[in-house]
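This briefing covers one structure, topic by topic. Please keep the sequence and the 3D view at hand while reading.

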Amino acid sequence: MTMRQTLHLLLVGFAVTSAGKIRAQDASSPPVAPIPQAFQAAKTVFISNAGADSGLFPHPFNGDPDRPYNEFYAAIRAWGRYAIVSDPSQADIVFELQLSAPNGPANADKTKGASDPLPMFRLVILDRRSHYILWALTESILPANLQKTHDRNFDDAITTIAEDVKRLAAAKP
């Protein structure tokens, strides 16, 4: 084997080893995708009440179907990051909040990947100008046996959705 062939084999071996290390690093720390600039630059927001599925009020949750909207609105207002507008045409972004109770298997075999679905909040963040979805968040409401625990879990899920919005807004572009 000539010196040139030996050098070539060494370089190929180094390249293969380096590529394996790079792939291993990529697998251990996945890349972070950017948060849409329209979301982070927004100053005004319209909060849309996309409603709640029937059968959730007054049990298992106290109140009425406007409770999710009212609590989320209060959390965003208290945060103070956005000016909340009453007309969507004045907003930079729209927060569309919905409470759903999805149908699904009853007493499914969870070892096969199926489970009973939980009521959940879905928050869709839309660019008002283009009407494109910028981001979507979901938060399940944990089950409970007592009414007060149902309501606490409801409040915790709303708080988590609001905290997720804050986390996204604070993320580095």
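The model is predicted. Ser48 belongs to strand E1, which spans residues 44-52. Ser48 counts as buried because its relative accessibility is 18%, below the 20% limit for that class. Leaving aside residues up to four places away in sequence, Ser48 is in contact with Tyr69, Val94, Phe95, Glu96 and Leu97.

**Sheet and helix packing**

- Five strands make up an open sheet in the order E2-E1-E3-E4-E5, and the pairing is mixed.
- Strand E2 (83-84) and E5 are the edge strands, each pairing on one side only.
- Seven bridges join E4 and E5, which run antiparallel.
- Arg122 stands opposite Thr138, a residue of E5.
- Helix H4 (residues 147-170) packs on the sheet and touches strand E3 (93-100), E4 and E5. The direction of H4 makes about 150° with that of E5.
- In general, strands of a sheet pair through backbone hydrogen bonds, in either a parallel or an antiparallel sense.

**Aromatic rings**

- The structure holds eight aromatic pairs.
- One of them is edge-to-face: the ring centres of Phe72 and Phe95 are 6.0 Å apart, with the planes at 65°.
- This pair links distant parts of the chain, since Phe72 lies in helix H3 and Phe95 in strand E3, 23 residues apart.
- Phe72 and Phe95 are both buried.
- Tyr82 also forms an edge-to-face pair with Phe95, because the centres lie 5.7 Å apart and the planes meet at 85°, over the 60 degrees required for that label.
- Tyr82 sits in the loop between H3 and E2, 13 residues from Phe95 in strand E3, and this pair too links distant parts of the chain.
- Tyr82 is buried, as is Phe95.
- One aromatic cluster is formed by Phe57, Phe61, Phe121 and Phe154.
- Arg67 lies over the face of Phe154, 3.9 Å from the ring centre.

**Backbone geometry**

- Most peptide bonds are trans, and most residues other than glycine have a negative phi.
- The peptide bond from Phe57 to Pro58 is cis, with omega near 5°.
- The bond joining His59 and Pro60 is also cis, with omega about 20°.
- Pro58 is in the loop between E1 and helix H3 (67-79), and Pro60 is likewise placed in the loop between E1 and H3.
- His131 is not a glycine, yet has a positive phi of about 70°.
- The loop between strand E4 (120-127) and strand E5 (133-140) contains His131.
- His131 has a relative accessible area of 61% and is therefore exposed, the limit being over 50%.

Methods. Residues numbered from 1 in each chain as written. Predicted model: local features only at pLDDT ≥ 70, side-chain atom pairs only at ≥ 80, totals over all residues. Heavy atoms only, no water. Helix = DSSP H or I, 4+ residues; strand = E, 2+ residues; numbered from the N terminus. Buried < 20%, exposed > 50% of the residue type's maximum accessible area, 1.4 Å probe, protein only. Contact = heavy atoms within 4.5 Å. Pairing = 2+ DSSP bridges. Axes fitted to C-alpha atoms, helices over the stretch in contact; angles between N-to-C directions. Phe/Tyr/Trp six-rings, centres within 6.5 Å; stacked < 30°, edge-to-face > 60°. Lys NZ or Arg CZ within 6 Å of the ring centre and 35° of its normal.
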